[in-house]
Amino acid sequence: QVQLVESGGGLVQAGGSLRLSCAASGLTVSSYRMAWFRQAPGKEREFVASIRWGASNTYYADSVKGRFTISRDNAKNTVYLQMSGLKPEDTADYYCAARSPTYTDYKYWGQGTQVTVSS
């Protein structure tokens, strides 16, 4: 059974930093495309960042480029999202997701962790 468990969310002032973690069980993060999505109140869920299986190519939404960094610790089977220069518009629930190389959709999702950035 696959489980993705996010942690690290909280309340932070604008300009501050947070690191989100996604601990995986039932799958190997280095064999999947792992991603972070977010959903703000009243808005659609949007892509934030992803890290490809194997070679670890990373991809970012334009809105977070240069401020957020996605990474992976294979030994801990955990994916991270380091967020810096946080803005109030980054306030959202953040979700970790996993996609097998053989699928086009993200099949596995975590329960989410809330990030609130105060101005």
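In this predicted model, strands β7 and β8 run antiparallel to each other and are joined over six bridges. Within that pairing, I70 stands opposite L81 in β8. The two strands belong to an open sheet of four strands, whose order is β1-β3-β8-β7 and whose pairing is antiparallel. Because β1 (3-7) and β7 stand at the edges and each has a single partner strand, one side of each is left without a neighbour in the sheet. On average, neighbouring strands of this sheet are turned by 15° against each other, if direction is ignored.

Most residues other than glycine have a negative phi. N77 counts as buried because its relative accessibility is 15%, where the cut-off for buried is under 20%.

In soluble globular proteins, nonpolar side chains tend to be buried together. The largest nonpolar core here has 29 residues, and those with the most contacts inside it are M34, W36, L81, M83 and Y94. Two or more residues of this core come from each of β3 (18-25), β4 (33-39), β5 (46-51), β7 (68-73), β8 (78-83), β9 (92-99) and β11 (113-118).

What does M34 touch, once residues up to four places away in sequence are not counted? Its contacts include L4, C22, L27 and V29, together with A49, S50 and I51, and they also take in I70, V79, C96, A97 and A98. I70, which M34 touches, is the residue that stands opposite L81, and L81 is itself among the residues with the most contacts inside the core.

Note on methods. Residues numbered from 1 in each chain as written. Predicted model: local features only at pLDDT ≥ 70, side-chain atom pairs only at ≥ 80, totals over all residues. Heavy atoms only, no water. Core = buried A, V, L, I, M, F, W, Y, C linked by side-chain atoms within 4.5 Å. Buried < 20%, exposed > 50% of the residue type's maximum accessible area, 1.4 Å probe, protein only. Contact = heavy atoms within 4.5 Å. Pairing = 2+ DSSP bridges. Axes fitted to C-alpha atoms, helices over the stretch in contact; angles between N-to-C directions.
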